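Please open the model in your viewer and keep the sequence panel beside it. The stops below are given in the order in which they can be selected.

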Amino acid sequence: MTLAQKTIEIATAQIGVEEIPRNSNSGPEVEIYLRSVGLSKGYAWCMAFVYWCTQKASLQINTKNPLKKTAGVLDQYNSRPLLAEKTPKPGDVFIMDLKNGLGHAGFVEKIVGSTIYTIEGNTNDTGSREGYKVARRKRDIKNVKGFLRL
């Protein structure tokens, strides 16, 4: 099994995890994601979720995690140019640049035409970058800055 496949398996098992209380950037699982990148509760956690899933997967299949230990979406993307891709594949990390230093990230589960089907943390039913749960979403590829290939 590849790192990307194992990571998606782990991310899928997290679907439904929610902040406690909602919109607090805290809760038992959320705080585990944040601790994986050296942060305490209260921080935006989409990239911490990505890092935690990838780290857990890398340990399970005995390989190195290629991601930087950071909760910063754009920091992650900018620090890993050798992983950057413009065209998505299942298992990739998608990176959105929402301007003013804000970003959002998650995993590509599948691609249909110009739409990526994702698993992402810190989202909600409208696809916000500051939501309260791990969920599946659909996003237009044109709204994505790039992809990191695990």
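In this predicted model, begin by selecting helix 3 and colouring its buried residues, which are C46, M47, A48, F49, V50, Y51, W52, C53, T54, A57 and S58. Because 11 of the 15 residues of helix 3 are buried, this helix is largely enclosed by the rest of the structure. Drawn from its first C-alpha to its last, helix 3 reaches 22 Å, which is close to the 21 Å expected at 1.5 Å a residue.

The crossing in which helix 1 passes helix 3 is right-handed.

Which residues make up this contact? On the side of helix 1, show L3, K6, T7, I10 and A11, which meet F49, W52, C53, T54, K56, A57, S58 and Q60 of helix 3.

From helix 1, move on into the loop between helix 1 and helix 2 (28-35), where P21 is placed. The peptide bond that joins I20 and P21 is cis, with omega at about -10°. For context, most peptide bonds are trans, and most residues other than glycine have a negative phi.

Two backbone positions with positive phi come next. Just after helix 3, select N62, which takes a positive phi of about 60° although it is not a glycine. N62 sits in the loop between helix 3 and helix 4 (73-79), and with a relative accessible area of 74% this residue is exposed. Then go to K99, in the loop between strand 2 (93-97) and strand 3 (103-112), where phi is near 75°, again a positive value in a residue other than glycine. K99 has a relative accessible area of 53% and is exposed.

For the last stop, select K133 in strand 5 (residues 133-140). Is this lysine, K133, buried or exposed? K133 counts as buried, because its relative accessibility is 14% and the cut-off for buried is under 20%. To see what surrounds K133, leave aside its neighbours within four places in sequence and display its contacts, which are V17, E18, W45, E120, G121, N122, T123, N124 and D125.

Notes: Residues are numbered from 1 along each chain as its sequence is written. This is a predicted model: local features need pLDDT of at least 70, side-chain atom pairs count only at pLDDT 80 or more; totals for chains, interfaces and linings use all residues. Side-chain values use heavy atoms; hydrogens and water are left out. A crossing is left-handed if the near helix is turned anticlockwise from the far one by less than a right angle, and right-handed if clockwise. Helices (H or I, at least four residues) and strands (E, at least two) are DSSP runs, numbered from the N terminus. Contact means heavy atoms within 4.5 Å. The expected span of a helix is 1.5 Å times one less than its number of residues. Buried means under 20% relative accessible area, exposed over 50%, partly exposed in between (1.4 Å probe, protein chains only).
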